[in-house]
Amino acid sequence: MASTKRIPMIAGNWKMHLNSKEAADLAAAIRKGLDADLKHEVLLAPTFTSLHAVKAALAGSKIILSSQDIAWEEKGAFTGAVAPSQLIDAGCTAAIIGHSERRKVFLETDEMINKKLKAAIKAGLVPVLCIGETLEERESQRTYRVLETQLIGAFSGITAAEAVKVVIAYEPVWAIGTGKTATPDQAQDAHVFVRRQMERVYNKAYADAVRVLYGGSVKADNVDELMSQPDIDGALVGGESLKADKFLRVIHFQTVLTR
Ligand code: PEP
């Protein structure tokens with residue numbers, strides 16, 4: 001199982017689902033179902049329009065409220081964008097950055113993601129940085145090259161001290177929303193690679209401490225095996241996080257002996 005030094009994080013990405021009442025109700029149900037002695041972190045990322053309602057539903061709880069994106073500028077003529085200070089004002093303490101849907105649908109580049117990462121760090125938000133290869137890249141043996149490029153691009157110009165709060169989410173694009181999950185071994189191998197890259201970018205202490213979540217069709221019935229891998233420190237969950245009972249099971253994963 002993952003190092004006890006790294007606190008596991010289970011994150012729910014609600015994407016463009018739920019109105020604000022539905023989001024608040026789901027947040028309240030998740031909050032209610034948490035074990036009182038839960039030691040790890042739970043993060044919820046509703047759409048921008050539901051942040052206030054979810055913040056109210058989570059008031060006084062330890063659940064982390066996150067946005068699904070962030071602007072790299074603080075203010076100005078950026079129609080449709082939401083600034084770091086506006087996210088904080090809405091109750092966020094974290095921001096998902098570089099999700100593959102942002103990269104693919106909204107054509108976000110590593111350069112833009114780097115600027116967003118810097119903006120989140122400057123604002124004191126916990127960045128959840130997503131990286132991952134497409135099916136075509138995996139099948140043409142380019143997985144590691146892609147991960148390396150994404151990591152180097154994202155962390156460019158950021159010091160290890162500045163990057164201390166960053167959480168990395170390895171999300172193979174071919175596994176997101178497809179029902180196809182990376183095998184625990186495939187995920188573990190990628191996580192080890194990510195950690196090695198972070199050792200090259202910064203140092204071993206950083207690489208040992210950084211949390212690397214797995215994302216891609218994590219479900220109540222596969223989370224235990226995934227979380228039993230030594231370098232998987234948590235999960236970023238899409239579809240399964242929209243169902244309180246299933247997501248609560250994911251949150252309360254049980255590690256199993258796999259080797
Ligand atoms: C995601 O949204 O980051 C994700 C991994 O989605 P899903 O769990 O539905 O594959």
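This report describes the ligand site, the nonpolar cores and several loop residues of the structure shown above.

The model is a predicted one, and the values below are computed from its atoms.

**The ligand and its surroundings**

Around the ligand stand 14 residues, of which the closest are Lys15, His99, Glu171, Gly177 and Ser217. Sorted by class, this shell is made up of 8 polar, 4 nonpolar and 2 charged residues.

**The nonpolar cores**

In soluble globular proteins, nonpolar side chains tend to be buried together. Here the largest nonpolar core has 64 residues, and within that core Leu129 and Phe155 are the residues with the most contacts. Leaving out residues up to four places away in sequence, Phe155 touches Leu129 itself, and its other partners include Asn114, Leu117, Ala163, Val166, Ile168, Met198, Val201, Tyr202 and Tyr206.

**The loop between β1 and α1**

Strand β1 spans 9-13 and helix α1 spans 20-33, and Met16 lies in the loop that separates these two elements. Met16 counts as exposed because its relative accessibility is 78%, and exposed means over 50%. The C-alpha atom of Met16 is 9.6 Å in space from that of Gln68, although the two residues are 52 places apart in sequence.

Leu18 is found in the loop between β1 and α1 as well. With a relative accessible area of 29%, Leu18 is partly exposed, and its phi is near 75°, a positive value in a residue other than glycine. Most residues other than glycine have a negative phi.

A positive phi is also found at Gln141, where the angle is near 55°. Gln141 sits in the loop between α6 (135-139) and α7 (143-155), and because its relative accessibility is 68%, Gln141 counts as exposed.

His40 is placed in the loop between α1 and β2, the strand at 41-45. Because its relative accessibility is 16%, His40 counts as buried, the cut-off for buried being under 20%. The side chain of His40 comes to 2.8 Å from the backbone oxygen of Ile251. Apart from neighbours within four places in sequence, His40 is in contact with Ile251 and also with Ile7, Pro8, Ile10 and Phe253.

Gly157, by contrast, counts as exposed because its relative accessibility is 66%. Gly157 belongs to the loop between α7 and β6, the latter spanning 167-170. When residues up to four places away in sequence are not counted, Gly157 touches Lys118 and Glu162. Glu108 is 49 residues from Gly157 along the chain, and the C-alpha atoms of these two residues are separated by 18 Å.

Key
Residues numbered from 1 in each chain as written. Predicted model: local features only at pLDDT ≥ 70, side-chain atom pairs only at ≥ 80, totals over all residues. Heavy atoms only, no water. Near = heavy atom within 4 Å. Nonpolar A, V, L, I, M, F, W, Y, C, P; charged D, E, K, R; others polar. Core = buried A, V, L, I, M, F, W, Y, C linked by side-chain atoms within 4.5 Å. Buried < 20%, exposed > 50% of the residue type's maximum accessible area, 1.4 Å probe, protein only. Contact = heavy atoms within 4.5 Å. Helix = DSSP H or I, 4+ residues; strand = E, 2+ residues; numbered from the N terminus. Polar contact = N/O pair within 3.5 Å; in protein donor to acceptor, adjacent residues only side chain to side chain.
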